[in-house]
Every structure is written in C-alpha cells, then in structure tokens.
Amino acid sequence: MPPPSDRRQVAPEAAGPPSADVPAAPSSPNGAGGPRPVPGLLVAAERHLRIGPAAVLADAITRSHLDDGRCVGWYGPPAPGWRVAIDAERADAPVPPALARRFGAADFWARWTRAECCCKLAGVPMATWWRRHGLGAPANNAALWRTLWVADLVVTVGFAPAC
C-alpha cells in the first residue's frame, strides 16, 4: 500500500532553486553502513523542484511535462545507487471519465502520479502497470516516493535502487 499523500500545500516560491544541504538518514538505526540520502531528499523534495517552461528546465535531472505547457524539473543532488523519476499533473484537471470508472475519482491525480513514477522507475508502460497493479504499487516494490501539492500541481517524486 502506498504511503499517504502529503496534503500540505507548498508555497510556489518553495519550488525554486535547489539546495544541497539535505540531511542524510543513516542506513541502519545505529548509523552503520553509511548515509542514505533518499529519505532526506524526499523530505525536502519541494526544495528540489522547479516549475517553468520546458526550455528553461532543460538541464533538470528528470522532468514531467504538463498539458498546459509548463514543466516540472528535479534539481536534487545525486543519490548514488538510486534512480529518480517525477510525475506531475494539474490538481484541478478533470479526471478522464473512462479512468474514473476504472480506478475511481477519489485522490486520482495523487494515485496516478505515483503509478507513473513506479512505471518510469520499473521501465514498464502504464497500460501494463494498470493490468498488473491498477494505480497501486506492489507490496514488494523497492521504490520510495513522496506525493505533494506544489502550487496548483500534484507532484510525485520517486526513487528506486539502480540495477
């Protein structure tokens, strides 16, 4: 079962320039095994997201293009041994009726962006994911993610161990 969505509104100015001062969480309770940067990156995700025209965000590590011409880019520091993906949708966009019938309209865009991130990280087409998992994630999914609301957008940032 996916983690709950983070329903805190993030001020648009918080989705600005990246910051490199993200604390790293230990890999085990006693701190052995070296730092694990991914939990810290997810906690501070809004500091590593930028919203703007695709041409301006061409240097982002990864991007998500919106239907209104905007783009969301990820500018977080490297996380060695991890891959990152993002997906964003307009929070007020109407849910396509066929998808609402199939998956329900409640919290649709949060579930959609999480599923899209999982697809991108697994290298699986969305239609294949639907047949296997709906808009959920399998229990054995190694991906970590956070879904947040930035300005008028629902954005999911996801990480998965590199193969």
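Q: Is Ala60 buried or exposed?
A: Ala60 counts as buried, because its relative accessibility is 13% and buried means under 20%. Keep in mind that this is a predicted model.

Q: Where does Ala60 lie?
A: Ala60 lies in a loop. That loop runs between strand E4 (49-53) and strand E5 (62-65).

Q: What does Ala60 touch, leaving out residues up to four places away in sequence?
A: Ala60 touches Gly73, Trp74 and Tyr75.

Q: How far apart are Ala60 and Tyr75?
A: In sequence, Ala60 and Tyr75 are 15 residues apart. In space, they are 5.6 Å apart, C-alpha to C-alpha.

Q: Let's zoom out. How many helices and strands does the protein have?
A: The protein has 4 helices and 9 strands.

Q: In what order do they run?
A: From the N terminus on, the order is β-β-β-α-β-β-β-β-α-α-α-β-β.

Q: How much of the protein is buried?
A: Buried residues make up 45% of the 163 residues.

Q: And what share of the contacts comes from residues 24 or more positions apart?
A: Take the contacts with a separation of 6 or more. Residues 24 or more positions apart account for 59% of them.

Q: Now the inside. Which residues touch the most other members of the largest nonpolar core?
A: They are Phe108, Trp109, Trp112, Met126, Trp129 and Leu135. This core has 22 residues.

Q: What other core lies apart from it?
A: Another core, of 17 residues, lies apart from the largest one. Among its members are Leu148, Val150, Val155 and Phe159.

Q: Back to Trp109. What does Trp109 touch, not counting residues up to four places away in sequence?
A: Trp109 touches Glu89, Arg90, Ala91, Ala93, Pro94, Val95, Pro96 and Val154.

Q: What is the lining like by class?
A: The lining has 9 nonpolar, 3 polar and 1 charged residues.

Q: You listed Asn141. Where does Asn141 lie?
A: Asn141 lies in the loop between H4 and E8. Asn141 is partly exposed, with a relative accessible area of 25%. Its C-alpha atom is separated by 8.8 Å from that of Ala160, 19 residues apart along the chain.

Q: What about His133, where is that?
A: His133 is in helix H4. With a relative accessible area of 29%, His133 is partly exposed. His133 and Ala115 are 18 residues apart in sequence and 8.7 Å apart in space, C-alpha to C-alpha.

Q: Cysteines next. How many disulfides does a search of the whole structure find?
A: The search finds 0 disulfides. A disulfide is a covalent bond between the sulfur atoms of two cysteines.

Q: What is the nearest cysteine sulfur to Cys117?
A: That of Cys118, 7.1 Å away. Cys117 is in no disulfide, because the two sulfur atoms would have to be within 2.5 Å.

Q: Is Cys117 buried or exposed?
A: Cys117 counts as buried, at 1% relative accessibility. Cys71 counts as buried too, at 0%.

Q: Last topic: backbone angles. What is phi of Asp107?
A: Phi of Asp107 is near 55°. That is a positive value in a residue other than glycine.

Q: Why point that out?
A: Because most residues other than glycine have a negative phi.

Q: Where is Asp107 found?
A: Asp107 is found in the loop between H2 and H3. With a relative accessible area of 30%, Asp107 is partly exposed.

Q: And what is phi of Ala151?
A: Phi of Ala151 is near 55°, a positive value. Ala151 is found in the loop between E8 and E9. At 28% relative accessibility, Ala151 counts as partly exposed.

Note on methods. Residues are numbered from 1 along each chain as its sequence is written. This is a predicted model: local features need pLDDT of at least 70, side-chain atom pairs count only at pLDDT 80 or more; totals for chains, interfaces and linings use all residues. Side-chain values use heavy atoms; hydrogens and water are left out. Ala, Val, Leu, Ile, Met, Phe, Trp, Tyr, Cys and Pro count as nonpolar, Asp, Glu, Lys and Arg as charged, and the others, Gly among them, as polar. A nonpolar core is a set of buried Ala, Val, Leu, Ile, Met, Phe, Trp, Tyr and Cys residues joined through side-chain atoms within 4.5 Å. Buried means under 20% relative accessible area, exposed over 50%, partly exposed in between (1.4 Å probe, protein chains only). Contact means heavy atoms within 4.5 Å. Helices (H or I, at least four residues) and strands (E, at least two) are DSSP runs, numbered from the N terminus.
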